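Hi everyone, thanks for coming. Let me put the sequence and the structure up so that we can walk through them together.

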Amino acid sequence: MTLVAAIRSLATYVGISLYVLLVAPPGLLLAFAFGWSDVLYILGHGGVRLGLFLSGIRCTVTGLDRVPRDRAVVFCANHQSNVDPPILFTYLHRRLHVLFKAELLKLPLLGRVFLGGGFVPVVRGNREQAMASISAGAESLRAGNSFLIFPEGTRSRTSEMLPFKKGGFIMALTAQAPVVPVAIDGGRAAMRKGSYLVWPATIRIAVGAPIETRGRTLQERDQLIAEARDQIVAMLPK
């Protein structure tokens with residue numbers, strides 16, 4: 001089984017790398033020259049689905065009907081593995097923005113794609129720059145762009161979630177945008193932390209009830225965090 005996983009992993013990495021090399025340059029040209037940022041999302045979703053096909057990962061989603069269609073929202077998800085971000089990016093929303101760690105800007109081509117798609121980089125360890133990123137995210141939310149956040153900040157090695165960081169919730173409260181809890185399970189079976197192997201697995205995504213932030217202040221951020229966390233815990237397998 002390990003040999004099969006290694007072969008499929010190699011095919012996935014090679015396939016995705018070739019896909020990025022082929023489609024990213026023309027996609028970036030169209031996005032920056034003509035303002036067609038939608039093309040980056042279309043190509044991004046195509047790349048994710050290619051990777052899922054090559055790796056043998058399958059996904060199921062429940063609760064998407066709960067998401068408001070007339071407002072931008074902040075999807076708040078737990079984080080099990082490296083497969084979580086691309087999967088949620090593709091399955092939650094057709095044009096989902098992401099708060100991401102600024103170190104990913106070093107990735108060839110992909111860093112430019114992230115910026116071209118309106119993603120917001122966060123410099124960890126620098127409070128002033130991090131708060132500037134949160135402000136930029138809030139402004140984008142007000143403009144109608146939904147966001148994905150991983151408040152744990154990194155992947156948990158166990159079934160227990162890590163403490164939630166406050167930045168994404170401050171962004172939601174500042175923009176008065178609903179927070180939508182999301183529980184993703186199966187990522188750890190697909191890709192363990194510290195390993196490059198990608199295993200065939202079924203990823204289950206459950207979308208919770210939106211938590212309203214209208215009329216709530218920044219002083220209520222801890223309560224908002226607790227409400228979101230409780231929903232995610234309740235949706236994860238016991």
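Which residues touch the most other members of the largest nonpolar core? Before I answer, two housekeeping notes. This is a predicted model, where local features need pLDDT of at least 70 and side-chain atom pairs count only at pLDDT 80 or more, while totals for chains, interfaces and linings use all residues. Numbering runs from 1 along each chain as its sequence is written, and side-chain values use heavy atoms, with hydrogens and water left out.

So, the core. By that I mean a set of buried Ala, Val, Leu, Ile, Met, Phe, Trp, Tyr and Cys residues joined through side-chain atoms within 4.5 Å, with buried meaning under 20% relative accessible area for a 1.4 Å probe, protein chains only. The core has 31 residues, and those touching the most other members are Ile57, Phe75, Ile87, Leu88, Leu92, Leu148 and Ile203. Two or more residues come from each of helices H2 (38–55) and H3 (84–91) and strands E2 (74–77), E3 (97–101), E6 (179–185) and E7 (202–207). Helices here are DSSP runs of H or I with at least four residues, strands are E runs of at least two, and both are numbered from the N terminus.

Setting aside neighbours within four places in sequence, its contacts include Phe75, Leu88, Leu92 and Val98, where contact means heavy atoms within 4.5 Å.

There is also a second, separate core of 29 residues, with Ala72, Phe147, Ile170 and Ala177 among them.

Now the helix pairs. The axes of H1 (residues 2–34) and H2 come within 9 Å and cross at roughly 170 degrees. Axes are lines fitted to C-alpha atoms, for helices over the stretch in contact, and angles run from 0 to 180 degrees between N-to-C directions. That makes H1 roughly antiparallel to H2, a label for angles over 145 degrees. Among the residues making this contact are Gly15, Tyr19 and Gly27 of H1, and Leu43, Gly47 and Phe53 of H2.

What about H5 (residues 127–142) and H6 (residues 167–175)? These two pack at about 40 degrees with axes 8 Å apart, and are therefore oblique to each other. The contact includes Met131 and Leu141 of H5, and Ile170 and Met171 of H6.

Last stop: Gly56, in the loop between H2 and strand E1 (58–62). Gly56 and Ala5 are 51 residues apart in sequence, yet 9.4 Å apart in space, C-alpha to C-alpha. Not counting residues up to four places away, Gly56 touches Arg8, Pro200 and Ala201.

Conventions
Angles under 35 degrees count as roughly parallel, over 145 as roughly antiparallel, 65 to 115 as roughly perpendicular and the rest as oblique. Buried means under 20% relative accessible area, exposed over 50%, partly exposed in between (1.4 Å probe, protein chains only).
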